There are 2 protein chains.
Amino acid sequence: MAEDEIIALERAALDRWGAGDPFGFLETYADEISYFDTATPRRIDGLAAMAAYYAPFTGLIKVARYEIIGPRVQRHGDAAILSYNLASDAVRPDGGEVTIHWNSTAVYARIEGAWKSVHSHWSLTAPPALQGVM
Amino acid sequence: MAEDEIIALERAALDRWGAGDPFGFLETYADEISYFDTATPRRIDGLAAMAAYYAPFTGLIKVARYEIIGPRVQRHGDAAILSYNLASDAVRPDGGEVTIHWNSTAVYARIEGAWKSVHSHWSLTAPPALQGVM
């Protein structure tokens, strides 16, 4: 099923990201990828720009474990919108761990027979103190 | 063109939102809508849940003006991914204005002949101090 395949692609990219390898995500991206995260001043467009953006993270990120919460795939023909919350236990330089909660949208499209990510949006899930006050 | 139609739908919803009327966005949403914003502890699923979530905002929000920055529509068959940055000049209760910068993803799908929003993700654009340090 496309749903299972897409979640497996995302999980493989997360596994590599957590081992310090951003190229797992880059390999899921189509040339047309568009991207937002918590540090982007504007949307990033295109695979070359994403490669330049991710390169400095190589080897710097370590995730001890993560949990994909409530993954949902909404299929519309050759497009599939994967959304989930993520609890990611990041390892700090001092060896301590901190759990970071994310909102993740990854839109996949079937391009030349393969599912590729054409849009990704990462944001922090609201801390409890902010919930309900927007 | 679908691209122009989708941007026009989004702009109409933003216009109503800025006048205190969240139902403009609700009217763009399909029953299957999935949603993240800066205050959601988990993804919200479904039109009924979104109506309950938005209802308390009725009449509370006033936007003096907004600018859609860099709108892009990525079309894949019956799906179209609209992404943009938004600079929104919100009016505070004391009459002062504050500019809020957003990242916005809105995935539209053609359902029974009409473009409806099936996924929306809102997050704050990073303040300059955070850019480059993620």
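# Close-up views of the two-chain model

View 1. A:Thr105 stands opposite A:His121 in β6(A); strands are DSSP runs of E of at least two residues and helices DSSP runs of H or I of at least four, both numbered from the N terminus. This is a predicted model, in which local features need pLDDT of at least 70 and side-chain atom pairs count only at pLDDT 80 or more, while totals for chains, interfaces and linings use all residues. Residues are numbered from 1 along each chain as its sequence is written, and chains are lettered from A and ligands numbered from 1 in the order in which they are written. β5(A) and β6(A) pair in the antiparallel sense over 10 bridges; two strands count as paired if DSSP finds at least two bridges between them. A:Arg110 has A:Trp115 as its bridge partner in β6(A). The two strands form a hairpin with two residues between them, and A:Glu112 in the turn has a positive phi of about 50°.

**View 2. The sheet of chain A.** Six strands make an open sheet with mixed pairing, in the order β2-β1-β6-β5-β4-β3 (chain A). β2 (44–45) and β3 of chain A are the edge strands, each pairing on one side only. Strands of a sheet pair through backbone hydrogen bonds, either parallel or antiparallel. β1(A) and β6(A) pair in the parallel sense over four bridges, and A:Tyr35 stands opposite A:Ser120 in β6(A). Eight of the 11 residues of β6(A) are buried, so this strand is largely enclosed by the rest of the structure. A buried residue has 20 or more other C-beta atoms within 10 Å of its own, an exposed one 12 or fewer, and a partly exposed one a count in between, with C-beta atoms placed from the backbone.

**View 3. Helices on the sheet of chain A.** Helix α1 (residues 2–18) of chain A lies across β3, β4, β5 and β6 of chain A and runs at about 155° to β3(A). Helix α3 (residues 47–54) of chain A packs on the sheet, where it touches β1 and β2 of chain A, and its direction makes about 60° with that of β1(A). Axes are lines fitted to C-alpha atoms, for helices over the stretch in contact, and angles run from 0 to 180 degrees between N-to-C directions.

**View 4. Strands β5 and β6 of chain B.** Strands β5 (residues 97–111) and β6 (residues 114–124) of chain B run antiparallel and are joined by 10 bridges. B:Asn103 has B:Ser123 as its bridge partner in β6(B).

**View 5. The nonpolar core and B:Tyr108.** The largest nonpolar core has 46 residues, of which A:Val107, A:Tyr108, B:Val107 and B:Tyr108 touch the most other members. Such a core is a set of buried Ala, Val, Leu, Ile, Met, Phe, Trp, Tyr and Cys residues joined through C-beta atoms within 7 Å. Beyond its neighbours within four places in sequence, B:Tyr108 is in contact with residues including B:Ile6, B:Leu82 and B:Trp115; contact requires C-beta atoms, placed from the backbone, within 7 Å.

**View 6. The contact between chains A and B.** The contact takes 35 residues from chain A and 35 residues from chain B. On the side of chain A that touches chain B, β1 (29–36), β3 (63–76), β4 (79–91), β5 (97–111) and β6 (114–124) of chain A each supply at least two residues. The predictor gives the complex an ipTM of 0.94 and a pTM of 0.95.

Note on methods: Contact = placed C-beta atoms within 7 Å.
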